[in-house]
Structures are given as structure tokens and as C-alpha cells.
Amino acid sequence: MDDRHIHDLVLIHAPSVFDFREREQFRAPTAQVIPSTEEFEMYPMGMTSIASYLVRNNYRVRIVNLARRMVGEPGFDAVRYLRRLDARVFGIDLHWLPHAHGALAVARLVKRLHPRARVLIGGLSASYFHDELMREPAIDFVIAGDSTEEPCRQLLQALREHRPLASVANLSWKRDDGHVVHNGLSYVPTDLDAFDIPAYGHMLRSVAMHGRLADALPYEGWLQQPLTVLLNGRGCVLDCAICGGSRSAYRQVCARQRPAFRSPERLIEDVRVIRSFSRSPIFVIHDPRMGGRARMRRFFELLERERVPNEMVFELFSAAREDLFELISKSLRRWSLQVTIETQEERLRAKNGKFGCTNGEVEETIATAFAHGCHTLDLFFMVGIPGQTHASALGIGDYCEYLMERFGAGGRLRPFVAPLAPFLDPGSRAFEDPEIGYRVHRRTLADHEEALLAPDWGSVLTFETDAMTRDELVDATYAVTARINDLNLRYGLTTPSDHDAVVRGLRAARRNVATHSGRRADRTWLVAKDEMSWSGPKGIRPSRALAWMILGGLKDEAVRAASRAIGRYDVAIAAGDTRAD
């Protein structure tokens, strides 16, 4: 094989359904409480950490968010674009199971367009289905686990130096005779300080290197609402029944016995990078208490010194008391919370393992947070958890009304509801154990690939619960959504025009009428996306972003100085023009 390639590795993020632009599908509810569309074009942050780690080790790597380009640019020719790429290895993420169709379709297409290149698949879902993936002729490698930065480096080194593949950690591969070899999942780092997660600096520098902002954007609309994240760790201390990122799921899929964390010092470095180019909120993934109180206190101590102007948004996994909110309010000018309690029924919350406390403790947490200056608190409910009946699901609306009557003044409390869709997470207790309360009708990767082609989201569901059929899950979702939509109007959380748009969308959905030819009209039928954003300063600082592209890796003070020198330079980021290829 000729070893001369422009890139050692091109990482590609596929849409949920590869040919979604040619299909009549109604899937809006599956993505209404995340920033991206129903094609899940937001790529996993691990792609940036892999790319950054490999570049630091002298490999040529590029990220191509194919899904975002297909969503945001109707005339974008994905096949033509993939044909123009050149790499020794093409890596495709199958992290979330909703990509079962798109990831496999892109793998097959890449192998057809570049038959001499190798195709690599990774991610949590890929790790779970690695045996099935290795039976796919288009796929050469699967790297399993939640931290594949170093195994990817080992693979690229082995290919570059023509070394045996048997020494590459976490790798499944095919010998020349077609026999599949599993090297074993041996690389499971106990901390994450060796990696940049997510690597925003690398993302901006790659734009300067490759000249394609469109390829690097995390999701459609990111320039207008550039939500950034801090990743506390990988793994979890909780074992929620429906979560593929739970303690037991990580143990089974990634051989991880306990969470691996980033140190408070590294998290603060991440904050410095983000604030250097972005005014927008920073979302902290995982409850800040996970990892112990000493680690939490150290993080907030360092955060207080930084005087961060960005709003920061924290998850809570359980009830919180005054001491936590005192730390947060002392450290930040503006902060918000996201709390997922899933149901108003304490018994069902305990069964699922989520936010295992009484409603009284939930309400006390909300009251204490607001008393200490919490700007907004997003409260998430779910239709389809174990044991939840149709009547119980409808009761979500009653509880939301009670909470908004008590806390809703000023629009600080914002309720959201979403169905458990489109699939159960592989590796979760709900997927593995029928005693949890689910009848799972499809279990293979091929099953899920096929299910994604159904015309509407209810038909995509591959399960029923012990208390609701698929039709009841759909009906309950619509009913609770309508109730919360009315409450949002009453308490000033939505405009009359957005409220009416949701009403019209729900009416069309109940008639099972597709409202568009592929995606566009669906995106606001359930919740206006603006309701998922935060008020206050937001957006990219163009001159700071350009400084990062040129000087990335220097201290924040140097980046600020460079941005002042660049001044009001009209870069593509400022204009929102991402299409120059």
C-alpha cells in the first residue's frame, strides 16, 4: 500500500439516517431537549480529544462533521466530498445508537470510495456491538472503550511502521484470512488529565490548518448558540436503569470499574480556553459533587479566582443543600442548574435510580438554589420510564403546574418533557434485564439500523414498557407536551406565536401527517429551541477565536493580547459564513 496520504486519520461524524434528505420521516421529539436536530449532528466530544492527542503525537488528523454539513447545507454533496478526502484511516463514531444507520452507511460508502484505506469504528455503541461490526465487510477495525485516544495512537503507529496489530490495546481487527482477532479491552485510564476533553483549542486551530470551519462546527446553529462544555469525568457512580452511561453499563461495555476524573486544575485550564473565545454558557457535565467533596471544593476555590464572566450550568444528580449553592454563588457571577427527576412519582424515581429522594427534597433544592441566586433551573421529565402508566405520565403536567405556581415567577423554573426515544441504551439495565420493566423487540445493531428507517418516531421505538404500549407512549408524550406548552405561555416562558406553532405541530403530529420533506419543519414542533438556550451574553468573540487559531496553546493573556491586535478583523466566524471549501 502506498503510505503517502494527506491525513493519517479523518474522523467523520455521520447523521442518524444517511439519506434523511430523501425521506419523509417525522422524528422531532427524539431531539427536542438537546441542542442538535433529530439527525443528532452534534459529534461526541471524544472526537476532539482523540484528534488533539494524535496531533500532539505528530499525526495528521482532521474532523469532518458530515452530519452538520448535510443538515445545514441542503445542496451539500456528501458523496462528492467524501471522495475528495484522502487518509490512511477513516474513523467513524458509533457512540450513540441513533447513528446505527448513518454510521454504517458512511462506513460502506467510504470503503467503496477508498477501497485501499482502512475503516475504523469507535464509541460506546460500537464497543457494545463490536462482534457484529466486525462481521461487516466495510469495517476493518473497532476500538472499544470510553478512552480511545492512546489506542488510536497505537493503531496509527502500527500502521505507519508496519508493526503487528496484536499489541494495539482495545482493538478488534481482521487478519489477512478474514479471521477476527480481539486484543482485549486493556486500556482503561484511571484519570483523564492526559487529554484535552473537549479540545476547543484544537478545533479552532484545525480551522486555520484546513480552512473549513463548516467541517469543525459541533452542531447546526453553534455559531449563534455556542454552548461549550466541561467534562468532569468518564463513568458514573450511579446506576440509573435506562442510562447507557451508568455504573453497570460502563463496567460491562468499557471494563471501567470506577469513574475517571479530570483534576480541578485541568478543568480550570479548560475554562480559560473557553472564555478566551466565547461569551456563551459553559455546561458542566456530571454533578460537581461526583468525585468527592474535597475535589469539589478545590474546583470551586480555583473557579472563584478566575472571575469567569460566562454563565455556568451545572447538573444535579440528587438533592442539594445550602453548602453547595454557597460555593457556587461565591465562585460565579451567573449560574444555572439542570435537574432531571423524570417523574413526579417518588416510587418510580427510586425504581429507575434517578434523583432518589422525596418531592419535598426536590422542592427544597429548588427553593435553596433560587435563594442563593440561581438564574434558571431546567427541570426535565420523561415519558417511558419503568413502571410509568399513561395516567402517571399525564400527572407530570399537574406537578409542573404546582411547581410553576410556587417557583415560576420571573421565568426562573423551566420544565421540559421528552419521550424515552428512539432506543434503549445498549448496556443499560433496562436493555439487559427484562425484570426492569421493558419488552425489547429488537436487539441487534442491524435491527436498530432498520428501525431508524420507519416513517415516524413512534414506529422507530424498539420497545414497550410493562405499563404502556408504543401508541400509549406517543399519546402521553403529546398530551404532556401540550399541557406544558400551555403552562409556558401562562408563566411567560414562551411567546404566543411559539405557543401556537407547537399547538399546530401537535395537531399535525396527532394526525400522523409529516410536516416537511425531510427535517426542517419538524424542528420546533415540540419545544421552541430558544427555550433550550440561556438569556444574557452569548456568541463567539471573532478576534479571540482567530487568535486561538493562530496562537492556540499560549496562555490566555497572550491570546487576549493577540485578539486586541487583530481588532475587528472580519473573519468568517463573525459573518457566519462556514461554506468556503
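This report describes the overall build of a predicted protein model and some of its salt bridges.

## Basis of the model

Local features need pLDDT of at least 70 and side-chain atom pairs count only at pLDDT 80 or more, while totals for chains, interfaces and linings use all residues. Residues are numbered from 1 along each chain as its sequence is written, and side-chain values use heavy atoms, without hydrogens and water.

## Overall build

The protein chain contains 24 helices and 17 strands. Helices are DSSP runs of H or I with at least four residues, and strands are runs of E with at least two; both are numbered from the N terminus.

The chain has 581 residues, and 62% of them count as buried. Buried means under 20% relative accessible area, exposed means over 50%, and partly exposed lies in between (1.4 Å probe, protein chains only).

## Salt bridges

Side chains of opposite charge can pair when their charged atoms come close. The whole structure holds 41 salt bridges, each a side-chain nitrogen of Lys or Arg within 4 Å of a carboxyl oxygen of Asp or Glu. One of the networks of such bridges links Arg-62, Arg-68, Arg-69, Glu-73, Asp-215 and Glu-220.

Glu-401 and Arg-483 form a salt bridge with an N to O distance of 2.6 Å. Glu-401 is in helix H16 (residues 390-407) and Arg-483 in helix H20 (residues 470-490), 82 residues apart. Glu-401 is partly exposed at 25% relative accessibility, as is Arg-483 at 27%.

## A bridge between strands

Glu-464 and Arg-439 form a salt bridge, with 3.5 Å between the closest N and O atoms. Glu-464 lies in strand E17 (residues 463-465) and Arg-439 in strand E16 (residues 438-440), so the bridge ties together parts 25 residues apart in sequence. Glu-464 is buried at 17% relative accessible area, whereas Arg-439 is partly exposed at 41%.
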